[in-house]
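Here is a briefing to read with the sequence and the 3D view side by side. Take the topics one at a time.

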Amino acid sequence: MKNISLLKRLVHRRQLLLSGLALAILSPRATLAHEEQVDLKVSSGSNKPKAISHDAPPRNKTRLVMIDPGHGGIDPGALGEEGSEEKHIVLDIANNVRQQLSEHPHIEVRLTRDSDHFIPLYQRVEIAHQHGADLFMSIHADGYTSPDAHGASVFALSNRGASSAMARYMSNKENSADDVGGAAVKDKDNYLQQVLFDLVQTDTIKNSLILGEHVVKQIRPVHHLHSQNTEQAAFAVLKSPSIPSVLVETSFITNPEEERLLRTPEFRTKIASAIVSGIVNYFDEYDRNARRV
Ligand SMILES: [Zn+2]
């Protein structure tokens with residue numbers, strides 16, 4: 001028992017150390033973004049977007065959750081047979097998550113976008129960092145080549161190969177979103193990749209997998225799961241070195257039955273509730289472990 005508690009204390013110290021390391025890595029990037037006057041605005045619950053503050057966020061018990069509705073603007077995301085556009089569906093689900101999570105006393109929620117506009121993938125990660133987010137959750141409802149593909153999946157970052165052919169297909173497809181925005185955004189992503197330290201990221205991926213499992217567990221009773229565990233793939237939007245990040249594919253919009261579901265407010269609320277419970281349970285587990293050290 002004593003050894004276990006020592007190990008936990010070490011892990012906790014390691015996390016603190018790594019958080020500091022991640023901040024050190026990221027601060028030059030924050031300065032760069034400021035110099036370029038990148039217009040980074042996010043929704044903070046009111047209709048007025050908040051300007052980015054470069055000050056360190058206050059560290060108290062309140063957790064900041066950054067919800068990222070996929071696609072937007074000139075990038076509609078995947079399309080359903082009935083004409084549904086992924087970008088609108090995921091924005092609605094994200095708003096639903098925000099509404100439910102904001103009732104939690106110790107959680108603050110922001111969205112990377114709360115209107116129909118395009119944000120490059122690298123900038124979504126950057127928004128999360130500049131706001132000092134404790135957790136990043138990207139929400140999607142993608143398509144596949146076969147209309148038979150169905151069910152929800154949860155993804156975390158992989159530095160190595162994708163965990164399945166589907167994971168590889170999904171990450172390639174999502175990462176091509178920046179092609180819409182032109183070549184300039186790709187260079188930014190390369191820059192971000194350069195500053196990733198494996199050491200920090202390994203810890204973050206570990207936490208992302210724990211978060212993913214909490215979300216999978218909550219989706220299981222309410223919707224079919226395409227894969228039973230958190231999958232791993234090289235999604236650009238999950239490449240934060242220090243913020244646990246997962247991407248939830250809520251359903252396949254190319255499956256006629258799931259497109260019908262995605263169009264209903266009932267299903268959107270149901271899947272949003274599962275995401276919310278997953279997030280709350282993840283923080284609860286984190287706090288329980290912290291108390292033991
Ligand atoms: Zn998508």
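**Strands, metal and salt bridges**

Met 137 stands opposite Val 246 in strand 6. This is a predicted model: local features need pLDDT of at least 70, side-chain atom pairs count only at pLDDT 80 or more, and totals for chains, interfaces and linings use all residues. Residues are numbered from 1 along each chain as its sequence is written, and side-chain values use heavy atoms, with hydrogens and water left out.

- Strands (E, at least two residues) and helices (H or I, at least four) are DSSP runs, numbered from the N terminus.
- Two strands pair if DSSP finds at least two bridges between them.
- Strand 3 and strand 6 run parallel, joined by five bridges.
- Strand 4 (residues 153-157) runs antiparallel to strand 6, with three bridges.
- Here Ser 153 stands opposite Glu 249.
- Buried means under 20% relative accessible area, exposed means over 50%, and partly exposed lies in between (1.4 Å probe, protein chains only).
- Five of the five residues of strand 6 (residues 245-249) are buried, so the strand is largely enclosed by the rest of the structure.
- Ser 245, Leu 247 and Glu 249 point one way, while Val 246 and Val 248 point the other way.

**The zinc site**

- Five residues coordinate the zinc ion at 2.0 to 2.3 Å: His 71 (NE2), Glu 86 (OE), His 140 (ND1), Asp 142 (OD) and Glu 174 (OE).
- Glu 86 lies in helix 2 (residues 86-101) and His 140 in strand 3 (residues 135-140), so this pair ties together parts 54 residues apart in sequence.
- Donors are N, O and S atoms within 2.8 Å of the metal (3.2 Å for Na, K and Ca); water is not among the atoms, so sites may look incomplete.
- Glu 86 is buried, at 0% relative accessible area.
- His 140 is buried too, at 4%.

**Salt bridges**

- The whole structure holds eight salt bridges (a side-chain nitrogen of Lys or Arg within 4 Å of a carboxyl oxygen of Asp or Glu).
- One of them joins Arg 63 and Asp 287, at 2.9 Å from N to O.
- Arg 63 lies in strand 1 (residues 63-69) and Asp 287 in helix 8 (residues 265-292), so the pair ties together parts 224 residues apart in sequence.
- Arg 63 is buried at 16%, whereas Asp 287 is partly exposed at 26%.
- Arg 124 forms a salt bridge with Asp 68, their closest N and O atoms being 2.7 Å apart.
- Both Arg 124 and Asp 68 are buried.
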